[in-house]
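The following exercises ask the reader to work from the model to a description of its parts. Each task is followed by a solution in steps.

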2 protein chains.
Amino acid sequence: MGEFELIRRYFARPSRRAALGTGDDCALLAPAPGMQLAVSSDMLVEGRHFLSTVDPARLGHKALAVNLSDLAACGAAPLAFTLALALPRADAAFLEPFSRGLLALADAHGCELVGGDTTQGPLNICITVFGEVPAGQALLRSGARAGDDIWVSGTLGDARLALEVFRGQLSVPADVFDAARARMEAPTPRVALGVALRGIATSAIDISDGLLGDLGHVLRASGVGAGIETPLAEALMAAPYQGARRLEFILAGGDDYELAFTAPPGRREAVAQAAALAGTAATRIGSVHAGSGIRLMDGDGTVLDARYASFDHFA
Amino acid sequence: MGEFELIRRYFARPSRRAALGTGDDCALLAPAPGMQLAVSSDMLVEGRHFLSTVDPARLGHKALAVNLSDLAACGAAPLAFTLALALPRADAAFLEPFSRGLLALADAHGCELVGGDTTQGPLNICITVFGEVPAGQALLRSGARAGDDIWVSGTLGDARLALEVFRGQLSVPADVFDAARARMEAPTPRVALGVALRGIATSAIDISDGLLGDLGHVLRASGVGAGIETPLAEALMAAPYQGARRLEFILAGGDDYELAFTAPPGRREAVAQAAALAGTAATRIGSVHAGSGIRLMDGDGTVLDARYASFDHFA
């Protein structure tokens with residue numbers, strides 16, 4: 001199977017949202033009047049972002065999900081994406097489920113594959129995603145203000161729990177592992193929540209490297225600090241795991257693809273409505289303060305001395 | 001050096017053309033009113049698209065050049081790009097020259113780095129480029145018409161000559177090799193020519209897989225055939241190589257990043273003016289006919305039976 005046959009068989013589809021889709025030197029996109037185009041690229045590498053044992057359908061899902069998660073963090077609605085794929089060989093046993101998982105998630109979000117590249121090489125998946133957001137309404141990292149609440153969508157720490165089990169660092173019952181593994185291999189991008197938070201959230205980021213690390217990006221960009229109430233955070237894990245590393249996984253696990261966002265205390269009802277509309281839980285875990293850094297506090301406000309390193313791709 | 005320090009040190013720059021550049025979950029772009037956004041992704045893999053011995057500055061140049069070449073083939077003016085980079089390790093001896101070569105070409109085209117991703121993994125460079133073209137004026141593959149001239153910019157076959165020398169398949173004098181090697185490692189994207197051909201060319205494509213193969217895409221998309229006059233094509237090679245494989249390299253060499261385009265015979269003067277404006281040679285090598293396929297003809301119109309396979313990334 002050659003490159004062009006591979007594209008035709010697994011990835012070519014009729015163009016719907018693009019002015020010109022796959023098959024020319026470029027795709028042509030035209031955002032609607034008054035809209036800005038939100039753009040993000042994420043690259044997935046075997047052994048770093050996924051294990052060789054993963055179901056290719058879940059891998060296809062995840063490759064797009066992590067990119068849609070970046071759109072969600074900006075409050076942008078998905079429009080289109082390009083896929084660049086390096087493969088050791090053109091293997092139908094991989095490509096059929098991979099493209100199926102990828103395109104199923106794309107269809108669920110009306111996000112059209114408009115171009116890309118395929119080549120022979122070590123397995124590498126690079127997606128660039130395009131979304132639309134009304135000019136001036138994107139959720140940025142720089143908008144958090146002292147006094148804002150800090151919120152987190154969904155659940156945290158499950159992907160890291162699964163990873164530690166895969167690594168042989170931890171042993172848990174099968175039902176705990178299955179719940180965690182599904183979160184690791186097939187994360188749900190919080191696209192509807194991001195769009196619903198336009199005009200409500202003052203800042204947002206998606207949690208790919210761990211809550212504390214990613215929240216730190218928001219705080220630095222906004223010139224503020226934060227306090228996290230650890231008993232609130234403790235409620236965030238989906239897998240029924242109560243082991244010693246629970247809080248570490250929640251605060252610094254990584255690979256969660258939930259949203260961390262800030263909003264004024266006067267907008268708690270609006271946040272709750274946005275979360276309900278999006279069908280996603282939103283949990284308040286602390287608040288923004290003047291200053292810098294993150295303090296972890298016990299239930300009675302006692303500051304904890306815990307240190308949790310966030311995931312760094314070259315650490 | 002961690003991921004964020006790597007980005008800050010080698011790739012972060014002030015935002016100029018984007019509404020929001022590097023440092024948030026997404027970049028924000030807003031094409032000017034009446035403009036469409038042209039988008040293309042190309043991935044470069046070691047051993048497939050470049051050799052491990054290449055100067056990293058030339059590799060940085062080439063990684064963007066092959067993407068700008070896709071914009072050129074659509075007649076789009078460069079606007080911005082994202083870079084996703086997998087590296088075995090964060091190595092300053094690679095990153096400093098790589099980023100210098102990359103950003104020098106970006107600056108020369110006013111093309112702003114607006115986002116991306118860096119990760120640990122086998123060396124892989126994935127760039128997605130964004131350009132602007134007035135709505136309806138993009139040069140497409142589907143516009144060639146019977147009677148049109150077929151043109152080629154610049155020179156062809158040099159990159160393949162250099163590759164064959166690297167592979168030990170061929171031996172040539174040092175000056176021949178140096179000229180060919182520069183074309184292979186640091187191709188010039190024909191951006192100004194692509195923009196100048198708006199409204200003149202009826203179709204265009206960039207020659208990455210070899211003239212016959214890429215021209216074949218245009219012919220199929222346009223529902224026409226073509227005749228190539230091999231004596232005209234013979235004039236296209238830059239390196240002073242007169243060996244037996246000369247015509248093969250020119251017709252099917254690959255990695256050229258020149259434009260093949262069609263235009264009506266009545267626009268020959270306009271093509272010449274566009275080429276002069278862009279500072280690029282344009283050579284007429286044949287014409288479009290009704291039917292399908294490509295016939296190679298000798299100087300007196302005799303049809304040659306030559307077969308030249310084009311480059312396929314999975315062949």
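Two residues are in contact if their C-beta atoms, placed from the backbone, lie within 7 Å. Helices (H or I, at least four residues) and strands (E, at least two) are DSSP runs, numbered from the N terminus. This is a predicted model, in which local features need pLDDT of at least 70 and side-chain atom pairs count only at pLDDT 80 or more, while totals for chains, interfaces and linings use all residues. Residues are numbered from 1 along each chain as its sequence is written, and chains are lettered from A and ligands numbered from 1 in the order in which they are written.

**Exercise 1. Describe the surroundings of helix H7 (residues 211-222) of chain A.**

Step 1. Compare the length with expectation. The expected span of a helix is 1.5 Å times one less than its number of residues. For the 12 residues of H7(A) this gives 16 Å, and the end C-alpha atoms are 16 Å apart, which agrees.

Step 2. Determine the burial. A residue is buried if 20 or more other C-beta atoms lie within 10 Å of its own, exposed if 12 or fewer, and partly exposed in between. Nine of the 12 residues of H7(A) are buried, so the helix is largely enclosed by the rest of the structure. Among them are A:Leu211, A:Asp214 and A:His217.

Step 3. Identify the packing partners. The buried residues of H7(A) pack against strands S6 (149-153), S7 (203-207), S8 (225-229), S9 (258-263) and S11 (294-297), and against helix H9 (246-252), of chain A.

Step 4. Look past the end of the helix. A:Gly223 follows H7(A) and has a positive phi, near 70°.

**Exercise 2. Which residues have the most contacts inside the largest nonpolar core?**

Step 1. A nonpolar core is a set of buried Ala, Val, Leu, Ile, Met, Phe, Trp, Tyr and Cys residues joined through C-beta atoms within 7 Å.

Step 2. Name the residues. The largest such core has 201 residues, and those with the most contacts inside it are A:Ala38, A:Leu211, A:Ala260, B:Ala38, B:Leu211 and B:Ala260.

Step 3. Examine one of them. Leaving aside residues up to four places away in sequence, A:Ala38 touches residues including A:Leu71, A:Val133, B:Cys26 and B:Leu28.

**Exercise 3. Is B:Glu269 buried or exposed?**

Step 1. Locate the residue. B:Glu269 lies in helix H10 (residues 268-278) of chain B.

Step 2. Apply the count. B:Glu269 is exposed because it has 9 C-beta neighbours inside 10 Å.
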